[in-house]
Amino acid sequence: MPDAAREPLRARKIDTHQHFWKYNAEEYPWISANMCKLRRDFLPSNLADELRAAGIDAAVSVQARQTLEETAWLLELADQHEFLAGVVGWAPLIEAGVEAAIERFASHPKLKGVRHVLQDEPDGDYMLRADFNQGIARLRAHALVYDILIFERHLPQTIQFVDRHPHQIFLLDHIAKPRIKDGSLSPWRSRMMELAKRENVWCKLSGMVT
């Protein structure tokens with residue numbers, strides 16, 4: 001038997017959170033003036049060498065605009081680049097036509113989930129809205145996860161939210177953005193420990209530098 005056949009299989013290393021954009025100020029208003037290093041294009045060609053240098057096999061791209069056109073574009077990029085293993089897109093979860101929007105992309109093998117920028121909603125209880133939860137309830141039938149993008153102050157609502165959907169897989173982005181700069185672990189720590197009791201909730205270790 002060739003030596004290669006006896007070698008143990010190596011687990012793939014996947015970066016689960018990357019953003020791409022062709023920058024313009026109108027479409028990316030969240031990139032403020034003090035984020036000058038982000039105010040340029042970031043595309044798969046910029047990422048490929050960085051992944052190789054870090055020993056990472058693949059990446060998942062995550063939406064940065066809340067449009068269906070963004071989801072379509074990210075899936076096009078994934079088709080063009082083999083190292084893009086998945087896409088977390090966006091869908092209009094509060095709209096009556098959300099099922100049609102999900103079905104438009106759900107058959108694409110690289111669509112892994114959807115996300116909404118909850119942290120920017122003026123209503124801190126947005127995730128508890130009935131129409132939003134109706135949209136979330138449609139994801140499981142398509143085997144799609146939901147990425148939760150919040151600040152730590154939203155953790156109490158998040159616990160209520162995920163408890164409404166015990167069979168839906170959730171990914172918490174950026175460890176819920178604790179106040180690292182302030183050196184404050186409370187009440188983030190206790191709330192994270194409570195959320196961690198839910199076996200359908202996973203957490204991305206990301207965003208801690210910023």
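## Glu 152 and Arg 179

Glu 152 is buried, at 7% relative accessibility. Buried means under 20% relative accessible area, exposed means over 50%, and partly exposed lies in between (1.4 Å probe, protein chains only). Arg 179 is partly exposed, with a relative accessible area of 36%. The two side chains meet in a salt bridge of 2.8 Å, N to O. A salt bridge here is a side-chain nitrogen of Lys or Arg within 4 Å of a carboxyl oxygen of Asp or Glu.

This pair links distant parts of the chain, 27 residues apart. Arg 179 sits in the loop between β6 and α7, and Glu 152 in the loop between β5 (145-148) and α6 (155-163). Helices (H or I, at least four residues) and strands (E, at least two) are DSSP runs, numbered from the N terminus.

## Basis of the model

The model is predicted: local features need pLDDT of at least 70, side-chain atom pairs count only at pLDDT 80 or more, and totals for chains, interfaces and linings use all residues. Residues are numbered from 1 along each chain as its sequence is written, and side-chain values use heavy atoms, with hydrogens and water left out.

## Other salt bridges

The whole structure holds twelve salt bridges. One of them joins Asp 173 and Arg 115 at 3.1 Å, N to O. Asp 173 is in the loop between β6 (170-172) and α7 (188-195), while Arg 115 is in strand β4 (residues 111-116), 58 residues apart. Both residues are buried.

Asp 163 and Arg 198 form another such pair, at 2.9 Å, N to O. Asp 163 lies in helix α6 and Arg 198 in the loop between α7 and β7 (201-203), so the bridge ties together parts 35 residues apart in sequence. Asp 163 is partly exposed at 41% relative accessibility. Arg 198 is buried, with a relative accessible area of 15%. Shared partners also join Arg 115, Asp 147, Asp 173 and Lys 204 into one salt-bridge network.

## Helix packing

Two packed helices are described by the angle between their axes and the distance between the axes. Axes are lines fitted to C-alpha atoms, for helices over the stretch in contact, and angles run from 0 to 180 degrees between N-to-C directions. Angles under 35 degrees count as roughly parallel, over 145 as roughly antiparallel, 65 to 115 as roughly perpendicular and the rest as oblique.

Helices α6 and α7 pack at about 5°, with axes 10 Å apart. They are therefore roughly parallel. From α6, Leu 155, Pro 156, Thr 158, Ile 159 and Val 162 meet Trp 188, Arg 191, Met 192, Glu 194 and Leu 195 of α7. Contact means heavy atoms within 4.5 Å. By class, this contact has seven nonpolar, one polar and two charged residues. Ala, Val, Leu, Ile, Met, Phe, Trp, Tyr, Cys and Pro count as nonpolar, Asp, Glu, Lys and Arg as charged, and the others, Gly among them, as polar.

Helices α3 (residues 68-80) and α4 (residues 98-106) pack at about 10°, with axes 11 Å apart. This pair is also roughly parallel. Leu 68, Thr 71, Ala 72 and Leu 75 in α3 meet Ala 101, Arg 104 and Phe 105 in α4. Five of these residues are nonpolar, one is polar and one is charged.

## Around α6

The buried residues of α6 are Leu 155, Gln 157, Thr 158, Ile 159, Phe 161 and Val 162. Their cover includes α5 (130-136), β5, β6, α7 and β7.

Gln 168 is buried, with a relative accessible area of 4%. The side chain of Gln 168 reaches the backbone nitrogen of Arg 140 at 3.4 Å. Beyond neighbours within four places in sequence, Gln 168 has contacts including Ile 136, Leu 144 and Asn 200.

Most residues other than glycine have a negative phi, and most peptide bonds are trans. Ile 175 has a positive phi, near 45°. Ala 176 has a positive phi as well, near 65°. Ile 175 and Ala 176 lie in the loop between β6 and α7. Ile 175 is buried at 7% relative accessible area, and Ala 176 is buried at 0%.

The peptide bond from Ser 186 to Pro 187 is cis, with omega near 5°. Pro 187 belongs to the loop between β6 and α7.

How values were computed:
Polar contact = N/O pair within 3.5 Å; in protein donor to acceptor, adjacent residues only side chain to side chain.
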